[in-house]
Amino acid sequence: LSAMGEPSMDPTIAADSPAQQDSLFSMTDVFLISLITGLFTYWFFFRKKKEEVPELPKMQTVAAPVRDSSFIEKMKKTGRNIVVFYGSQTGTAEEFANRLAKDAHRYGLRGMAADPEEYDLSDLSRLSEIDKSLAVFCMATYGEGDPTDNAQDFYDWLQEADADLSGLRFAVFGLGNKTYEHFNAMGKYVDKRLEELGAQRIFELGLGDDDGNLEEDFITWREQFWPAVCEHFGVEATGEESSIRQYELVVHTDVNMNKVYTGEMGRLKSYENQKPPFDAKNPFLAQVTENRKLNEGGERHLMHLELDISNSKIRYESGDHVAVYPANDSSLVNQIGEILGTDLDTVMSLNNLDEESNKKHPFPCPTSYRTALTYYLDITNPPRTNVLYELAQYASDSGEQERLRKMASSAAEGKALYLSWVVEARRNILAILQDMPSLRPPIDHLCELLPRLQARYYSIASSSKVHPNSIHICAVTVEYETKTGRLNKGVATSWLRSKVPVQQGSSSQVPGQQGSSSQVPGQQGSSSLVPMYVRKSQFRLPFKPSTPVIMIGPGTGIAPFMGFIQERAWLKQQGKEVGETVLYYGCRHEREDYLYREELARFQKEGVLTQLNVAFSRDQAEKVYVQHLLKRNKENVWKLVNEGMAHIYVCGDARNMARDVQNTFYEIVSEFGNMSQPQAVDYVKKLMTKGRYSLDVWS
């Protein structure tokens, strides 16, 4: 437009001759044609780009697959013949799998540990293509007989598979806990199902019990497993011991600190620039808005915390669990650094020597030793025998070296020594270093050997209908004196107790805003922050609000029921017909540790809580527990269950309380249902199958 307007605006052009004007117009025409051509060319290429954009993702997915899903191809490529799959929730099964894979070289075999989530397990039918091949499964059972999160797809495949696994040789070691109803259900199922699909079991199913001594169960199984493997394949032990480093140390002297991990679980700088969705590898940094002591007296510290989840897009339901990533006590970390004479702020990486491994580092790298020992490694639990075995070489005193090797051996005397000196004395790695003055391992090897620090799970003590932007936690601080006179503290509860609450929405920088460096756990400003995510649960209120509920939860077992009662109160306010809401709660002393006393009294007064039965176990000569109150009200309990079709919920200690409550229900059902003991047991088991008897228990 400006070019077309220019001639009329220039007086000198207006006075020119017709010949000049003709020449000028022809130049203008050329210019206009060039301009139009240029615009058309630009539009043409711009249009082409717009069309090609949707094609890019397709090209990328073809060129760069997310994962190499064939473990068979990987085994062939790397010369492996033993694959050890693990179903792990807390890292123990993964640790056992790594140990078995490492053992293999002592028998002239080569092993690899594998996460079933990363591979296509239908390839198991092809394992016979590899000479002397074997699949081992270290399978933990989670919750009420469920597979772990990373083994869910494998479990689903096993249920639906019609594969011919006749060429597959296998062995299974299960990790469970006898205090739970479905002890080692996953290990038992995998062992049985593989055989049904035609696979050949080369060694009997191992059943580890975490309520007893899981480490000893594993060692006992392992020492019989390998001779069976040798016999089957006709191989012999080479005599080589398995003290081989899996990772190599790289110290970074000149490193960009923006590339160094400071406590993040997955993506670098994920705590500074928060992006949903939030999960185990991408936790949300929630601010603590309330942290108050619940009990009025006694030695214990019971606490109620509220986590602000505003703007996180996190959704939860009553009965779900909140997972929090704690940090180790800085004084323990500093003491380890001092004993080993290490500069904890050294920035380093531990790189896997097996370049084909999917696991490049044992924890996020590069990072400092201080960060690793604070956020990534478990330094408070008694170390397992394989750690002691590997550390033994660094004890300069022959007596201490021999003692460590003995505890790591499969001899009865060694097992007994490990049980008494490490497990029962609750010696963590710091205590072992203190009590063995000649044991001074390189800190990088220690970091390689220690297991990962795991998230801790708590039953959510609130309802999202009432508190959509807040998650409540009810917990008791763990603190006890060991046989060696040391004071051991629970990692997560001590860390939660120290959290300083901030007023909701009052912080200068909300987690999720770019550049909030003060929010990073490794730096100041973290005193009110908790890295967390929500894990879904099957512990759910009945679909119909009119269905009666019987809730049994002594101590901190009351947590999910606070959420349940809040939700029933909300439903009532919405004009819904809400069935009987019955609570059986217990504590030691009425005047000391009666949790949520005022809230419960208010719910009862409002008619939401139709029955509040509280057992104070130590306020009289004879101890009274929740199961005694159930027996006292047995007629009413039976009526609610039998006629009212009530749902029963039990939360708390699995070892004693949950078992005693279940036995009480057997008695009530037997008495009022006119059934024999086996029939009553079957009746309660059917309630469980139908989702009318739910457990949220821990040991």
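A: Lys406 is partly exposed, with a relative accessible area of 29%. Partly exposed is the class between buried, under 20% relative accessible area, and exposed, over 50%, computed with a 1.4 Å probe on protein chains only. The model is predicted, so local features are reported only at pLDDT of at least 70 and side-chain atom pairs only at pLDDT 80 or more, while totals for chains, interfaces and linings use all residues. Residues are numbered from 1 along each chain as its sequence is written, and side-chain values use heavy atoms, without hydrogens or water.

The partner of Lys406 is Glu413, and the two form a salt bridge whose closest N and O atoms are 3.1 Å apart. The criterion is a side-chain nitrogen of Lys or Arg within 4 Å of a carboxyl oxygen of Asp or Glu. Glu413 itself is exposed, at 54% relative accessible area.

Across the whole structure, 42 salt bridges are found. One of them joins the side chains of Asp103 and Arg222, at 3.2 Å from N to O. Because Asp103 belongs to helix H6 and Arg222 to helix H9, this pair ties together parts that are 119 residues apart in sequence. Helices (H or I, at least four residues) and strands (E, at least two) are DSSP runs numbered from the N terminus. Asp103 is buried, at 2% relative accessibility. Another salt bridge connects Lys631 and Glu667, at 3.8 Å from N to O. Here Lys631 lies in helix H20 (residues 626-632) and Glu667 in helix H22 (residues 654-672), so the pair links parts 36 residues apart in sequence. Lys631 is partly exposed at 35% relative accessibility, and Glu667 is partly exposed at 41%. Salt bridges also link Glu73, Lys76, Asp123, Arg126 and Glu129 in a network.

Helix H12 (residues 385-392) has 7 of its 8 residues buried and is therefore largely enclosed by the rest of the structure. The buried members are Thr385, Asn386, Val387, Leu388, Glu390, Leu391 and Ala392. They pack against helices H6 (92-103), H9 (214-233), H13 (398-407), H14 (412-424), H15 (429-435) and H16 (443-449).

The nonpolar interior can be described next. A nonpolar core is a set of buried Ala, Val, Leu, Ile, Met, Phe, Trp, Tyr and Cys residues joined through side-chain atoms within 4.5 Å. The largest such core has 71 residues, and Val322, Phe363, Leu373, Met407 and Met532 touch the most other members. This core lies between domain 2 (275-326 + 455-502 + 526-537) and domain 3 (327-452), because both give residues to it; the bounds come from an automatic or database domain assignment. Beyond its neighbours within four places in sequence, Val322 is in contact (heavy atoms within 4.5 Å) with Leu307, Arg456, Tyr457, Tyr458, Ile460, Ile471, Ile473, Met532 and Tyr533. Another core, of 32 residues, lies apart and includes Tyr584, Leu630, Ile668 and Val669.

Among the strands, 3 form an open antiparallel sheet in the order E8-E12-E13, where pairing requires at least two DSSP bridges between two strands. Strands E8 (247-251) and E13 (367-368) are the edges, each pairing on one side only. Strand E12 (residues 347-352) pairs with E13 over 2 bridges in the antiparallel sense, and Met348 stands opposite Thr367 in E13.

Asn184 sits between strand E5 (169-176) and helix H8 (185-196), and at 0% relative accessibility it counts as buried. Leaving aside neighbours within four places in sequence, the contacts of Asn184 are Met139, Thr141, Gly174, Leu175, Gly176, Leu207 and Gly208. Asn150 lies between strand E4 (146-147) and helix H7 (152-160) and is buried, at 8%. With the same exclusion of neighbours within four places, Asn150 touches Tyr86, Gly87, Ser88, Asp115, Pro116 and Glu117. Asn150 and Ser88 are 62 residues apart in sequence, with their C-alpha atoms 6.8 Å apart.

For cysteines, a disulfide requires two sulfur atoms within 2.5 Å, and the count is 0. The sulfur of Cys474 is 9.5 Å from the closest cysteine sulfur, in Cys651, which is too far for a bond. Cys474 is buried, at 5% relative accessible area, and Cys587 is buried at 8% relative accessibility.
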